[in-house]
Amino acid sequence: MQGKPVIAIGGENLIDFVQTGEEDGAPLFDANPGGSPFNVAVGLARQGVETHYVTPISSDALGDTLAARLTASGAIIAAPRRSEPTSRAVVTLEHGIPTYAFHRDGTAERQVTAKSLWKSIPGDVAALHCGSLALADGADADAWVEVLTEAAARGIFVSFDPNVRESLIYDRMTYIERVSRVMQVAHLVKLSDEDLGWLFPEETEEDAIAALFDVTTAGLVVLTRGPKDATAFSNSATCTVPAPHVTRLVDTVGAGDTFMATLLATLAARDALSPDALAAMDADDLRYLLRRAGQAAALNCEHTGCNPPSRSDIDVALAG
C-alpha cells in the first residue's frame, strides 16, 4: 500500500438523546452526535487516519451538529448534505447499559443509492467499512449490500460490524440474508456476543462461532464480550484478551464503535488492510490489536456518549 491509507465509512448518522437522570419524575436527556458508523468515522479520524464519511448528513440544525463533530475530529464529509431531517435515537440507560429507540423514516442518512455512494467513495480508497442500521431495512440497505459486494470485487478491503438493533429488524429472514451476503465478501468482521446470539439463537457460543464461519470467509473475525474479554480469529491463530479496567465508568455508549475504529486504525498503521496481511497475523499480532482496541473502548467509557480517544491517548494508557 503506497502512502497513507484512505478509509471510507458509511452508515447511519443521528443524534442520540441520552438519558442523564430525572427531575420531578421526568427523564433528562443530553443530545449527542451518534450512529455506529458515524462514531467509527470519528474514532478513526481522531487516530490520524484519513477518513471519508460517505453517507449524507442533513442540512438541518441537528445535521450541523453532526457535521461539526466530524470536521472537528478531522474526518472528511464526502457526501452532499441533504434537506431531509436528521435521524434520532432515544437512549435510556439502566445501570449504564444503553437501550435504543430509533426514528429514521425519510431521513437524510437513508437517501443513498449505489450510484450516489460510489460518487462519494474516493478513488484511492483502501478500505470501506459499514454496518449497523445501514443494513436494517429498505432500498438503502440493498444499495449498501450492492456497494460492499462490488467493493470486494474491486479489491477494496471490506470491514463489517452488524451491530444488530433488533427494534428496527422488521423481517428477520431478509435481514439475515442481507447480513450473510456482506459477511461472504467482508475481510474483517467484528461483532459482539449479543450480535452473535441474535444471529444464531439457541446455539452455544462455540456452535454459533462455527455457524458464523460457515457464513463468512473473513480473514479476521473479532468477537467482543462487553466488560469480559474479546477474541480474535485469523486463519492461523486465535487470541483472547481480557477487557481492561475502566477507571471511571460513565456509560458504554459508543464503546463497540471505538473498538471497531481502533481495529481499523491499527491495521492501517501496520499496512495490514489486505487479505494477505490478515492471513499472516499470528497470536502476538492479534493480541496487539485487541489490547489497543480494548484500551480505546475503556477510555471511551469514561465519558458521556461516544467520545473516542486519540492515538496518543491510547498509547499513554497502554504505557501506564
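A word on terms before anything else: a helix here is a DSSP run of H or I of at least four residues, and helices are numbered from the N terminus. Also, this is a predicted model.

By that numbering, W144 sits in helix α4, which covers residues 138-153. Is W144 buried or exposed? The cut-off for buried is under 20% relative accessible area. W144 has 2%, so the residue counts as buried.

What does W144 touch, once its neighbours within four places in sequence are left aside? The contacts are G10, G11, V54, T55, V112, L117, L128, C130, A134 and L135.

Now to helix α1, residues 36-46, and its packing with helix α8, residues 255-269. Their axes lie 8 Å apart, at an angle of about 50°. Roughly parallel would need an angle under 35 degrees, and roughly perpendicular would need 65 to 115.

By type, the contact of α1 with α8 has six nonpolar residues, three polar and one charged. The spacing within each list has a plain background: an α-helix has 3.6 residues a turn, so residues three or four places apart point the same way.

Some remarks on α8 itself. Its 15 residues reach 21 Å from first C-alpha to last, close to the 21 Å expected at 1.5 Å a residue. The helix is mostly covered, with 13 of the 15 residues buried. Just after α8 comes D271, with a positive phi of about 55°.

Back to α1, which also packs with helix α2, residues 61-73. Here the angle is about 25°, and the axes are 8 Å apart. With the limit for roughly parallel at under 35 degrees, α1 is therefore roughly parallel to α2. On the α1 side, the contact uses F38, A41, V42, A45 and R46. On the α2 side, L66, R69, L70 and S73 take part. The contact of α1 with α2 divides into six nonpolar residues, one polar and two charged.

That is the end of my part.

Conventions. Residues are numbered from 1 along each chain as its sequence is written. This is a predicted model: local features need pLDDT of at least 70, side-chain atom pairs count only at pLDDT 80 or more; totals for chains, interfaces and linings use all residues. Side-chain values use heavy atoms; hydrogens and water are left out. Helices (H or I, at least four residues) and strands (E, at least two) are DSSP runs, numbered from the N terminus. Buried means under 20% relative accessible area, exposed over 50%, partly exposed in between (1.4 Å probe, protein chains only). Contact means heavy atoms within 4.5 Å. Axes are lines fitted to C-alpha atoms, for helices over the stretch in contact, and angles run from 0 to 180 degrees between N-to-C directions. Ala, Val, Leu, Ile, Met, Phe, Trp, Tyr, Cys and Pro count as nonpolar, Asp, Glu, Lys and Arg as charged, and the others, Gly among them, as polar. The expected span of a helix is 1.5 Å times one less than its number of residues. Angles under 35 degrees count as roughly parallel, over 145 as roughly antiparallel, 65 to 115 as roughly perpendicular and the rest as oblique.
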